[in-house]
Amino acid sequence: MTEPTNATSTQESAPVAATSGVGAPLLICLPSATAETVETMRERIATTLQGHNLFLATPGGASAHPAHGVTVVDYPVASRGDAGWALTATDYLGAAQLATEYDAAATLVLGNEAASLSVAGLQALAEAVLLGKADLAVARYQTGPHDALVSSALLYPLTNALFGTPAHLPLPLDAAFSARMAKRLIMVARKPNNAAQPEPLVWPVAEAAIASFSVKEIDAGPRTLPQPTDTDLNTLLAEIVGSLFGDIEAKANFWQRARAPMPAKPNVEPARTASETEELEDVRAMADSFRNAYINLQEIWSLVLPPQSLLGLKRISRAPAEEFAMPADLWARTIYDFVLAYHLRTINRGHLLGALTPLYLAWVASHLRQSAGNAATAAFHVEEAASAFVAEKPYIVSRWRWPDRFNP
Amino acid sequence: MKKPSSVTDPLWYKDAIIYELHVRAFSDSNGDGIGDFQGLISKLDYLQDLGVTCLWILPFFPSPLRDDGYDISNYTSVNPSYGTIEDFQQFLDETHARNMQVMIELVINHTSDQHPWFERARRAPKGSPDREMYVWSDTDKLYEGVRIIFTDTEKSNWTWDEVAQQYYWHRFFSHQPDLNFDNPRVMEEVLNAMRFWMDMGVDGLRLDAIPYLVERDGTSCENVPETHVLIKKIRAVMDAEYDNRLILAEANMWPADVRPYFGDGDECQMAFHFPLMPRIYMAIRQEDRLPITDIMAQTPPIPDNCQWGLFLRNHDELTLEMVTDDERDYMNMAYASDPRMRINVGIRRRLAPLVDNNRRRIELLNSLLLSFPGTPIMYYGDEIGMGDNIYLGDRNGVRTPMQWNSDRNAGFSKAVPARLYFPVIMDPIWGYQAINVEAQQSDPSSLLHWTRNMIALRKLFQVFGRGTLEFLAPDNRKILAYIRDCAYEDGHSETVICVANLSRFAQPVALDLSKFAGRVPVEMLGYVAFPEVTTQPYPLTLAPYSFLWLELQPAAPKAETPTIETPEVSAGIDNSALALLSKAATPSITELIQGAGVELVEQLLPNYLTQQRWFGGKSRTIRSAKVSSSTTVGDGTYTLALIDVTYDDDSVDHYQLPLAVASGSTAEELRNASPKAVLATLGDASKGAILYDASASEGFRQALISLFTAPPEADAAITASHSPAFDPSNLVHTKSRVGSAEQSNTSILFDDVAILKLFRRLQPGENPDVEMTRFLTDVAHFSAIPAYLGELHSGSGAGETTLAFLQAFAPNEGDGWSWFSEELARFYEALANCPPPVKLGKPANFVVAAAVPEEAHERAGLALDAAALLGTRTAEMHLALATPTNDPAFAAEATTAQALNVDANRMRDQAQRTLEALKRNLSGVPDELADRAALLLSHRGDLLSRTQALANATEGKRIRIHGDYHLGQLLRSKSDFLIVDFEGEPARSLEERRQKQSPLKDVAGMLRSFSYVSRSALDRYTQRRPEKAELLSQWAMLWENAVSTKFLEAYRATVQQSAGLIPEPKQAQSMLTAFLLEKSLYELLYELNNRPTWLHIPLNGLLALVSSTDER
């Protein structure tokens, strides 16, 4: 069970004191860091995590001289992933294999632009595993209304509802894991992957959940979030969502029974305003795009979605930009129907995921309009979606168990 | 180095869905009219989509095909009609790539007579290794008397071979000579064949016809012990050389005879459950669950790594070997009216034609297949409801080509139709134009879609493949209800209730789910939550042939338990108590119960107690409930509190209540799993700590057990003692759970080893149940009871109190009352359309040995046997209780006039009290009974004088007796009875219950119980068919007389071993009549006050007694 985000973990504090972890290796992997980043991180690690038996793994690291009490080791280039914006299966595999090799008590694997990760965030990630609070610690960053939208719209609500683990970034950029989690990650990352994916993904939060390992979300403060190199949203969405849907399919007999906690909504009043904001122009464009999609994709959507959902989408397509809103429950049911269609192979999976993009953009439009540039309001909207996914979970379970097309 | 497998889980077959198919029948890729491996490969996506996980391929080896491939002429090749060995390897790889496994046949009992081994054997010299590959004899008299299996075609198990000039042995067709496993070379060849296929990656082997491998003179040549040596050898080689492979046994035998083929988990991992199949069909036709529950009761436990293989139909006939002659006749009449539908000892039809193509019946049968304990095996084509062709010979009617679409040859082959190995089915109902895969794939409501959904659903729940089975016994026998339960290593568990309506009409049912009180059944197909289970019967209504799978989930947490710090409850409580609760840390149970918190607890108790099943004072008003003492149990986490409950009439009862405090996730789990155990939430509800009845905690239950296993402490408040024959260390590492059956106490089960009865209401002095069971176990060594293992007690001397009683766990199929009730339900059902019995028999009597009419033997043979067995067990119990001893509590005493007078006066009081009450309430007696009630009152003088007859009986001994002896105090265990609950009548004081009495009092109790069970079953039946009441009451009379007579006969015969224990017959009869009178009068008074609709049972009993003048 994930513990609530601990606000104190964002505060700058003293270096992690050497406790029971003295002597046990702490491995920090930087699979994709530049030489400059490596140097920065080495100093930071030495300062922040002093007292531990520190190993820093970077590509070509074996040639570096030990310094500041940090042993630098080679991160095998062959296992490097290059998604850039999140850790991939190869990142986990490389880190976890090294962890086993060095018998690491805890392993941190940090993604691109790791130097922008706060010292407190780094420290809190390590501490969560070293002090036995969690088998998996994943970072959550301070984000604005425009950030991490795929996670907010889909990945977080689905993972939370189905696996009962509220991690806002289920595909983390920075993570820490225990020795036993390392073993599990090796097993998972080695599994044959979908050949359609250029860079296979692993869903560590879901893996930890089904292994009954503890997961802790670390409030890591601000961080530079690397952007995907592939700018084609359709492709990117298909890769990420396809991978998650596949993972959900593989873990069906777990999530059919896992109970999700209801995410707590942030204590702010939502600014449900239709006033002209700088987002409204974007919303208008996305709403127009959705209207077109509604006309063009109706045939495909009607294979996937029941009449009640199609009716809901029709209503949205008619709404002006100022009132454009994707109701949270409709969004949740729509995604669940796509998960099911993916499982049943109702239509070609590529086409199916392609047909999801306009719906995702409709949610984004709705999100931007409702958050009106306000981070707190945006957060509220995200939690509202997550709550709807939890509330609608019986819908996916019943549809999964008895996938009769004759439904409301 | 072992060769790896396509699966990682060694128990994969437990979760498998097996699909049986014949390559020849599935799909033809080359247009020669015969299915082949390439055709099969092209259909693997279909099978994957269907959801099956293991393909069982019928023999595909080179063969003359005179027995559908079971006559093999080469063990290590592929029949050219089906493809090549490379085709098979490709099929294997492609199947594995789809996450499916492959099981093939290893036919090792016999070969084809065209196998090169046989060709060589018949020409080799007698006694040479080549000749000895088979079983030869100069005479056909060897192994004489061994049954012939294929009775329709074979006249002998021996056939003369002109070339060899000897007879050769064959258990099946004469062209299938049996291999001779006494020749070591045969085993070598078998292992070579096994290695050949397993090296390629085959996951499982079905061992065909294994009971017949070895022949021994003077035996039936079936299941001889040497067979198991062979199987163990095959298994050992397989395990040594390969990972995670499977052997499935084909042994068409009773479950108890199949059991040895599992060995100790070191022979076959799976075996077919043959007798279940016909009984499922019988149950649905008779609309009665009994055939199914009966055969499952005869099914022994199997090793943990083993599994039954279940099926509805297969490539052979629906075998009727494992049924009685009557049942076979019934099955033939019900399912094979046309003789062409029969073959050998069975019915050669497919699933859908067997049930008249009724979709609901097909679904119901499949629901049983998928939810019964075992691995389901489906036969190709049954997923679309394919028909059969009874005009084809042998069993080929169910082996016709798979129907893929409505094109030529059903899409099976592009050959000209005449070239097909068998014609496709073409009639208007079953023909391929009407029934085919393509059409059903396009129809979302088709049987194919339904089957696919059901398979997918089953695969989500491992409990179906791995869980335990427990039948429920609702009154309505048209309902089959059972619990599947599985606890996994990671601590989670799954519990599923399956309910099936075997009837063609809607049926009501009320299930006893009280042990799951507080949990929520969630219908598994639709994920629909049903109302929460309570301690009351759980009502359901099922549509015709419908079924429900209900997963029991913990109830959603409710804030219904009181929070101690709420102002209403805490008013008047001193500040120190509230301060305790407002501490940052959760208070310990010791702080709470021994400190200031005790007042808080005492405020909660009255409300809590009245909600507990075990609390006996619910109808009274509690004035106060005080914690009079408490004893720490375990490491201080738990306390055993003694509660003094004072009622408004100043009377006081003493109860024990184990208490503990839990917080965090432990508290959350307890709230979900045992909401009724929570007394209160402590402090701020958000902190979530709870005060609860510690019997809900595994930790507490283990702490109780540790009192038996740990060395005794000096001055311990609770002490344990145990039987010298019992080693308490057997309880270490057992897992416990709280039972549901107990009403007034709490029973804790420790695996299948022991049951600990935690007494709730405490009475000073020795508990009679404990005392009696201990004597019967340790002194008398009486085995027809769950053995005494130990007890917990507090205090000493006169103040000693029994706190808990540990007994051996006794597996059983319900109590004696339920067993006889079910027998009677069948009895009345069978006789409803028969004429009345010719003779009614006579009541049981010590003086005259009454003859039991033949009709009773014919119609109620099982019940008569059971009654006789019970008579024997009852007498054995009395003999055991009369065991010579120096213990004054048990030493038998001579009957004295004084003691008899006391008894006679007690009976007279009972008679007077009852007759007064009857007179007083005469106007309230149901109209139809008024005359008989008045008649009984007119016999007042006679009744009173009969009670005094007891005082004249001076013979016989007085011993400790059961004291509350009736059918409800018996457990039916396999084919025997166990006697339980020696507590005596709860309404009487402990002193009264421990008095010695005539054993005939127990005999009278049981005879009255026979009367009750026959009449109550009759009432239930005639509620449905009132027009049969008069007729069946005569059969009820016959049943009661016959059963009582058999019981008494057997009792007398056995009890005579102790001379003088009961008086000579005439006196014994007088005493028995007096005790029957007393019991009937007690019953009359009880029914008058509580259940007037049952009044007729004791009333008729009493009238029968007063009219039995002749036999006094």
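A residue is counted as buried when 20 or more other C-beta atoms lie within 10 Å of its own, as exposed when there are 12 or fewer, and as partly exposed in between. The views below are of a predicted model.

**View 1. Y143 of chain B, a residue other than glycine with a positive phi.** Y143(B) has a phi of about 55°, a positive value, although it is not a glycine. Y143(B) sits in the loop that lies between β4 (136-137) and β5 (158-161) of chain B. Because 18 C-beta neighbours are found inside 10 Å, Y143(B) counts as partly exposed.

**View 2. D981 of chain B, in a loop between a strand and a helix.** The loop shown here lies between β38 (976-979) and α29 (990-993) of chain B, and D981(B) is found in it. The phi of D981(B) is near 60°, which is positive in a residue other than glycine. D981(B) has 22 other C-beta atoms within 10 Å and is therefore buried.

**View 3. The open sheet of chain A, built from 7 strands.** Followed across the sheet of chain A, the strands come in the order β3-β2-β1-β4-β6-β5-β7, and their pairing is mixed. At the edges stand β3 (70-74) and β7 (215-219) of chain A, each of which pairs on one side only. From one strand to the next, the twist averages 20°. Within this sheet, β1 (residues 25-29) and β4 (residues 106-110) of chain A pair in the parallel sense over 4 bridges, and L27(A) stands opposite T107(A) in β4(A).

**View 4. Helices α2 and α3 of chain A against the sheet.** Helix α2 (residues 89-101) of chain A packs on the sheet, where it touches β1, β2 (53-58) and β4 of chain A. The direction of α2 in chain A makes about 150° with that of β4(A). Helix α3 (residues 119-130) of chain A also packs on the sheet, and the strands of chain A that it touches are β1, β4, β5 (136-140), β6 (174-178) and β7. The direction of α3 in chain A makes about 20° with that of β6(A).

**View 5. The contact between chain A and chain B.** Here 9 residues of chain B are in contact with 13 residues of chain A. Sorted by class, the side of chain B that touches chain A has 6 nonpolar, 2 polar and 1 charged residues.

**View 6. Helix α4 of chain B and its buried face.** Helix α4 (residues 85-97) of chain B has 13 residues, and from its first C-alpha to its last it reaches 18 Å, close to the 18 Å expected at 1.5 Å a residue. The buried residues in α4(B) are D87(B), F88(B), F91(B), L92(B) and T95(B). Seen down the axis of α4(B), the buried residues fall within an arc of 140°, so they line one face of the helix. The face of α4(B) turned away from this buried side carries the exposed residues E86(B) and A97(B). Among the elements of chain B that cover the buried residues of α4(B) are α2 (37-42), α3 (44-50), β2 (54-57), β3 (101-106) and α6 (184-200). Just after α4(B), N99(B) takes a positive phi of about 60°.

**View 7. Strand β3 of chain B, covered on both faces.** In β3(B), 6 of the 6 residues are buried, so the strand is largely enclosed by the rest of the structure. Q101(B), M103(B) and E105(B) are buried on one side of β3(B), while V102(B), I104(B) and L106(B) are buried on the other. Strands β2(B) and β3(B) run parallel and are joined by 3 bridges, with L55(B) standing opposite V102(B) in β3(B).

**View 8. Strand β22 of chain B with β17 and β19 of chain B.** Strand β17 (residues 493-501) of chain B runs antiparallel to strand β22 (residues 547-554) of chain B, and 5 bridges join them. In β22(B), F547(B) is the bridge partner of A500(B). Strand β19 (residues 519-523) of chain B is likewise joined to β22(B) by 5 bridges, and these strands run antiparallel. V520(B) stands opposite Q553(B) in β22(B).

View 9. Of the 1112 residues in chain B, buried residues make up 48%. Among contacts in chain B between residues at least 6 apart in sequence, 68% join residues at least 24 apart.

Methods: Residues numbered from 1 in each chain as written. Chains lettered and ligands numbered in written order. Predicted model: local features only at pLDDT ≥ 70, side-chain atom pairs only at ≥ 80, totals over all residues. Pairing = 2+ DSSP bridges. Helix = DSSP H or I, 4+ residues; strand = E, 2+ residues; numbered from the N terminus. Axes fitted to C-alpha atoms, helices over the stretch in contact; angles between N-to-C directions. Contact = placed C-beta atoms within 7 Å. Nonpolar A, V, L, I, M, F, W, Y, C, P; charged D, E, K, R; others polar. Expected span 1.5 Å × (residues − 1). Arc of directions from axis to C-beta.
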